[in-house]
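Here are my notes for someone opening this entry for the first time. They are meant to be read with the structure on screen.

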Amino acid sequence: MSDMADRLYALLPAIHRIRDAEQGGPLREFFEVLASQAAVLEEDVEQFYDDLFIETCAEWVVPYIGDLIGYRSLHHLTPGLGSPRAEVANTIGYRRRKGTAAMLEQLARDVTGWPAKVTEFFQLLATSQFMNHVRLHSTLTPDLRRWERMEDVEGPFDVLAHSADTRRIATGEGRHGISNIGIFLWRLGAYRLSGSPAVEVDGQRFRFHPAGRDAPLFNRPETEASVTHLAEHRNVPEPLSRRRLSEFLTDYYGKDKSAFLDGVEEDAVMICNLSDHAGGWAHTPPPAGKVAIDPVLGRIAFGEPPSSPPAVLFHYGFSADMGGGEYERAASFDLAAEPVQPVAAPGSIQDALDARVPGEAVQVQDSGRYLETLALTVQPGERLELRAANGRRPTLVQGGELVISGGDAHAEVSLNGLMIVGGPIRVTGVLRRLRLRHCTLVPGLTMDGDGVPQQPGAPSLIVESGGVAIEVDHCIVGGIRWHDLSRLEIQDSIVDAAAETETALAGLGAPVPGSLDPPGGILRVHESTIIGKIHVRQMELVSNAILSARTDAGDGWPAGVIADRRQTGCIRFSYVPAEARTPRRYRCQPDWEERLRIAEAEREAKSKNQALTIAQIEALSMEVRSWMTPAFTSLRYGDPGYGQLRRRCPRQIREGADDEAAMGAFHDLYEPQRLINLRVRLEEYLRFGLEAGVFTVT
């Protein structure tokens, strides 16, 4: 019995309690029910008081409190953003500081989830100054001796005076005007990679990037100390410049900072331009005892050859959690956390695979570099997982193919969190399922120092067995070849054949030159980007995807995307080349835009008692196809903007998914919704008479 029931029962006269005990306690049971209902009532009364405050109110009360203060709801699909409760709680604080630059900056960060910088362009107008009120911070002519200001020209941190610009800032054209406010956003994040051995070029020269290519180093953003602080260079994930790193080395170089070389102290570091010069790198070798770093190219040069490649810490730029990295991915592990067969450099992954007990996961504990060609032999009925530990991304440099053999109709293999360079994965055994999660199989197998794929079109994954369910989830891979009786599902990934004219997805066997590649099996694609030609037996479903392919003269392909069975399956809300031979397409581009344009032209012609000719319809279709194509920041793996849609990409693709997000691999970032949310909030909090423009820096 509860305490409340005991207290109520004790209030009865003793004679009633005695009689109740003689009859088996029915009255006591009644008081227990009464006490439970009283507890519910008491809790409800206490909740009434809690519901008066946004911090403690029930979830259903949040919109009512928001309505009392005039809160307007936003899209809440965007990842990493606060709940409506937090937004309602912050609304009054926002309004108290309405119109201030610090408040607008905080608002942009909170609403979009991206680092932001607000610039009051009217403060930077070149004007004739009143001599009794001289503004020394806004001189007409720049001081060329102040390198910081000269390096920031036309960027988000520009403080130089400019002549007036009469174009509207809301269109993204004009900037420096009397009523203009600029909001700069960084769409790319700075992803950390620590304890990764630098890639050796020769005994004294190395590269940071584990694929051995040039890539810029990014700043690790520092959290701003107060809400009134305006963002500075150290608060945003931007590429590091040579001059800034040289002048402020202490702020950026260190074990917990933007970049670090294990065993190299700060006083031994020189910041240099190590670009190519006269058949080598400029300014190499540095003086003995010194180490030269080029943050723009991601290069390292030692004055004296080190005994082994140094372990490096650096940050690289990318759009999302994809392809592996030091981000949270424990939920994607196939097997339980324990037991595991651990391996760490200088140990051997192959030895750990051979020593495993069936049912154990082989887990790489560091972000080391492993130069070995693996062979995975799967036991009948076994579930084998080879993975990187959570928060690690090891690099496997193969001298040939990673072969998966053995197994049976119940065996499963999972690879998670690995970066594989140098050779493809070939499945020769019998499997029920093959999973690739958060892996990078470098497109083109290897690349040179400039990031150019050395074997464009070469497949990264080859599955020779039928009846295999292949899953590619949050991965970056090259082309895939699989058995026509197997099934391939791609989700939130980039499949890159290194060129739109190369083959991305097809069946087994080398094609005869000038002929069509054999077809792969069944294909499902969700929210992914595929660069290259496709030939499959059946497209079961393609949704919110980008299939970017082109044919070359004489390559034997009648179209860039071909499905042999077109009576079944569906493609929806995706970009597919207009000439593609696919199942029924629903609201796909450029088809949908062509229909809209033709229907509009027909209505206009009908209003004039005319009819469109076949030539006019074909001209409208060709005009739409000329510009309705996806535009990417970069299609070279390792570039910070790899696979990212440019802001000038057609809106029908940037907002063409079924939920009005972007098509392709970065659909789940919900970039259009973030920008719409920001526009909605700016209408509420922008000072009267001012106009804001939103600019994406990366």
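1. Glu-540 and Arg-487 form a salt bridge through their side chains, at 2.3 Å from N to O. This is a predicted model, and the distance is a computed one. The two partners come from distant parts of the chain: Glu-540 belongs to strand S34 and Arg-487 to strand S29 (residues 487–491), 53 residues apart.

2. Strand S34 itself deserves a look. Nine of its eleven residues are buried, so the strand is mostly covered. Strand S31 (residues 503–506) runs parallel to S34 and is joined to S34 by two bridges; here Leu-505 has Ile-534 as its bridge partner. Strand S32 (residues 520–526) is also parallel to S34, with six bridges between them, and His-526 is partnered by Ser-543 of S34.

3. Two further strands pair with S34. With strand S36 (residues 561–565) the sense is parallel and there are four bridges; Val-536 faces Ala-563 of S36. With strand S37 (residues 570–572) the run is parallel too, over three bridges, and Leu-541 is opposite Cys-570 of S37. As background, strands of a sheet pair through backbone hydrogen bonds, in either a parallel or an antiparallel way.

4. Which residues touch the most other members of the largest nonpolar core? They are Ile-404, Leu-434, Leu-505 and Leu-523, in a core of 59 residues. Strand S34 (residues 533–543) supplies the largest share of this core, four residues. Another core, of 42 residues, lies apart from it and includes Val-291, Leu-313, Tyr-316 and Leu-669. In soluble globular proteins, nonpolar side chains tend to be buried together.

5. The surroundings of Ile-404 can be listed. Leaving out residues up to four places away in sequence, Ile-404 touches Leu-376, Val-378, Val-413, Ile-425, Arg-426, Val-427, Thr-428, Gly-429, Leu-431 and Leu-434.

6. The structure has 35 salt bridges. One of them joins Asp-639 to Arg-213, with the closest N and O atoms 2.8 Å apart. This pair also links distant parts of the chain, 426 residues apart: Asp-639 is in the loop between helix H12 (614–627) and helix H13 (651–654), and Arg-213 is in the loop between S5 and helix H8 (242–247). Are the two partners buried or exposed? Asp-639 is partly exposed, with a relative accessible area of 21%, whereas Arg-213 is buried, at 5%.

7. Another salt bridge brings together the side chains of Glu-604 and Lys-608, at 3.7 Å from N to O. Glu-604 is partly exposed, with 46% relative accessibility. Elsewhere, a network of salt bridges links Asp-334, Arg-383, Glu-412, Arg-432, Arg-433, Arg-435, Arg-437 and Glu-471.

8. The aromatic pairs number 13. Why is the pair of Tyr-637 and Tyr-642 edge-to-face? The ring centres are 5.7 Å apart and the planes stand at 85 degrees, so the pair falls in that class, for which the angle has to be over 60 degrees. Both residues are buried: Tyr-637 has a relative accessible area of 8%, and Tyr-642 one of 1%.

9. Two arginines lie over aromatic rings. Arg-175 is over the face of Phe-695, at 4.5 Å from the ring centre. Arg-205 is over the face of Trp-281, at 4.8 Å from the ring centre.

10. Finally, an open sheet. Five strands make up this sheet, in the order S4-S5-S11-S10-S7, with mixed pairing. Strand S4 (199–200) and strand S7 (269–271) are the edge strands, and each pairs on one side only. Between S4 and strand S5 (residues 205–207) the pairing is antiparallel, over two bridges. Glu-200 has Phe-206 in S5 as its bridge partner.

Technical notes
Residues are numbered from 1 along each chain as its sequence is written. This is a predicted model: local features need pLDDT of at least 70, side-chain atom pairs count only at pLDDT 80 or more; totals for chains, interfaces and linings use all residues. Side-chain values use heavy atoms; hydrogens and water are left out. Rings of Phe, Tyr and Trp (its six-membered ring) pair if their centres lie within 6.5 Å; planes under 30 degrees apart count as stacked, over 60 as edge-to-face and the rest as tilted. Buried means under 20% relative accessible area, exposed over 50%, partly exposed in between (1.4 Å probe, protein chains only). A charge sits over a ring if NZ of Lys or CZ of Arg is within 6 Å of the ring centre and within 35 degrees of the ring normal. Two strands pair if DSSP finds at least two bridges between them. A nonpolar core is a set of buried Ala, Val, Leu, Ile, Met, Phe, Trp, Tyr and Cys residues joined through side-chain atoms within 4.5 Å. Contact means heavy atoms within 4.5 Å. A salt bridge is a side-chain nitrogen of Lys or Arg within 4 Å of a carboxyl oxygen of Asp or Glu.
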